[in-house]
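Dear colleague,

Please find below the structure that I am handing over to you. My notes on it follow directly after.

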Amino acid sequence: MHRIAIVGGGTGGTVLANRLASELRPELEAGDVELRLITADPEHVYKPTFLYVPFGKKTVDDATRPIEELVDRRVTLTIGEVVGVDTDGKTLSFADSSILGYDQLVLATGATLEPEAVPGLAEGGHQFYGPEGAERLRDELAAFTEGHLVLSVVGVPHMCPAAPVEFVLMVDDWLRERGRREDVELTYTYPINRAHGLESIADWATALFEERDITLETFFNVEEIDPDERRIETVEGRALGYDLLVAIPPHAGSDFVSEAGLGDDGWVNVDRHTLEATNAEDVYAIGDVADVPTSKAGSVAHYEAGVVADRLASRARGTVPTATYDGKTVCFLEAGMDEATFIEFSYGEEPFVREPSKPLHWAKLGYNESYWLTARGLL
């Protein structure tokens with residue numbers, strides 16, 4: 001029997017499992033292939049929903065579904081924490097000391113938040129990249145009537161690269177709707193010499209920031225936070241006071257990735273077209289944990305999953321894989337509370353930023369609702 005193991009039940013892992021269940025249906029039903037999805041969390045989380053929680057537009061419950069409801073019946077679902085990979089022996093080690101063998105392995109373990117990596121950040125900052133943080137920020141924002149609100153991108157790279165820009169444009173609009181904007185100073189900081197890693201998005205955001213009186217601070221690399229004084233200290237020797245700090249914390253991959261020699265800092269080194277690990281045979285990585293030169297966005301994991309599904313199906317049938325990933329990324333960007341834009345690009349391309357509109361905003365909200373069909377492999 002040919003054994004395919006997928007570690008990680010987020011967008012990439014779930015879409016991949018369902019795509020493979022469809023691709024390899026005859027082999028699975030004949031017992032020639034075993035397809036296993038392994039995840040530590042029985043709940044599947046759609047993280048882009050958290051952007052709307054601070055504004056009361058969504059709840060944390062809207063972001064989750066039991067993963068067993070999303071996975072094809074031909075997939076063996078295992079709830080357990082993988083703590084080690086032996087790429088020579090082709091085995092996975094679990095937190096309960098059990099061992100599982102594989103013939104082909106896909107790592108889709110995502111990224112984790114590490115606010116503790118910056119002194120004072122966990123105590124002095126808020127974030128919307130997880131359920132507890134988003135709910136805590138919702139309560140703080142509801143009571144925030146005046147002062148200095150700072151959105152600081154501390155960690156790069158990070159999940160949902162457009163989300164910090166979206167948040168500051170949304171909070172500007174949200175405050176205006178409530179008659180609070182004149183009493184709130186807004187500042188956005190970014191580590192490099194522009195507002196975003198992609199130049200076209202940076203140019204688009206900078207123009208909107210100027211139009212909406214949002215201060216932009218670049219070359220702003222946070223070194224530590226003083227939560228008592230409510231002050232940000234930077235590597236460059238600058239200081240910035242705040243009354244409410246919304247920070248994008250540093251991100252990290254999986255410890256066992258580094259321990260297995262698959263990559264540095266927990267990110268898997270892969271061929272950017274085949275998504276095969278460069279330091280081990282029969283190992284792939286997709287989604288945030290894969291070190292590819294494109295965004296750590298859900299659409300990337302989705303498109304990568306389709307490519308890897310084709311490649312794994314070919315291997316299971318004894319044929320040569322030919323599918324490749326071209327870096328395709330698509331993303332809706334909120335420009336406020338009721339307008340959005342849309343970008344699409346691949347490796348080596350600079351995205352074109354369309355004029356924001358209400359129809360694109362509703363298209364983004366519509367996709368957020370239909371995402372659960374995507375996770376099931378139906379879109």
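Where does UniProt place the feature "domain: FAD/NAD(P)-binding"? The unreviewed entry puts this feature at residues 3-143 and 199-294; UniProt positions are given in the numbering used here, feature names are shortened, and annotations may be inferred rather than shown by experiment.

The model is a predicted one, in which local features need pLDDT of at least 70 and side-chain atom pairs count only at pLDDT 80 or more, while totals for chains, interfaces and linings use all residues. Residues are numbered from 1 along each chain as its sequence is written, and side-chain values use heavy atoms, with hydrogens and water left out.

The two annotated spans can be described as follows. In residues 3-143, the end C-alpha atoms are 53 Å apart, and the span is 26% helix and 28% strand. In residues 199-294, the end C-alpha atoms are 13 Å apart, with 19% helix and 31% strand. Helices (H or I, at least four residues) and strands (E, at least two) are DSSP runs, numbered from the N terminus.

Next, the sheet. An open sheet is formed by 5 strands in the order β5-β2-β1-β9-β20, with parallel pairing; two strands pair if DSSP finds at least two bridges between them. At the edges are β5 (76-79) and β20 (283-285), each of which pairs on one side only. On average, neighbouring strands of this sheet are turned by 20° against each other, direction ignored. Axes are lines fitted to C-alpha atoms, for helices over the stretch in contact, and angles run from 0 to 180 degrees between N-to-C directions. Strand β2 (residues 33-39) pairs with β5 in the parallel sense over 4 bridges, and I38 stands opposite T78 in β5. Helix α1 (residues 11-23) packs on the sheet, where it touches β1 (2-7), β2 and β9 (104-107), and its direction makes about 165° with that of β2. Contact means heavy atoms within 4.5 Å.

As for charged pairs, the whole structure holds 23 salt bridges, each defined as a side-chain nitrogen of Lys or Arg within 4 Å of a carboxyl oxygen of Asp or Glu. One of them joins R3 and D103, with the closest N and O atoms 3.1 Å apart. This pair links distant parts of the chain, since R3 is in strand β1 and D103 is in the loop between β8 (99-101) and β9, 100 residues apart. R3 counts as partly exposed at 31% relative accessibility; buried means under 20% relative accessible area, exposed over 50%, and partly exposed in between (1.4 Å probe, protein chains only).

R25 and E29 form another salt bridge, at 3.2 Å between the closest N and O atoms. Both residues lie in helix α2 (residues 25-30), 4 residues apart, about one turn of the helix. R25 is partly exposed at 43%, and E29 is partly exposed at 47%. E29 also meets the side chain of R73 in a salt bridge (3.7 Å, N to O). Because R73 lies in the loop between β4 (64-66) and β5 while E29 is in helix α2, this pair ties together parts that are 44 residues apart in sequence. R73 is exposed, with a relative accessible area of 67%. Through shared partners, salt bridges join R25, E29, D72, R73 and R74 into one network.

Finally, R212 is found in the loop between α6 (199-211) and β13 (214-217). R212 counts as buried, at 15% relative accessibility. Apart from its neighbours within four places in sequence, R212 is in contact with L169, D172, R176, R181, A335 and G336.

With kind regards
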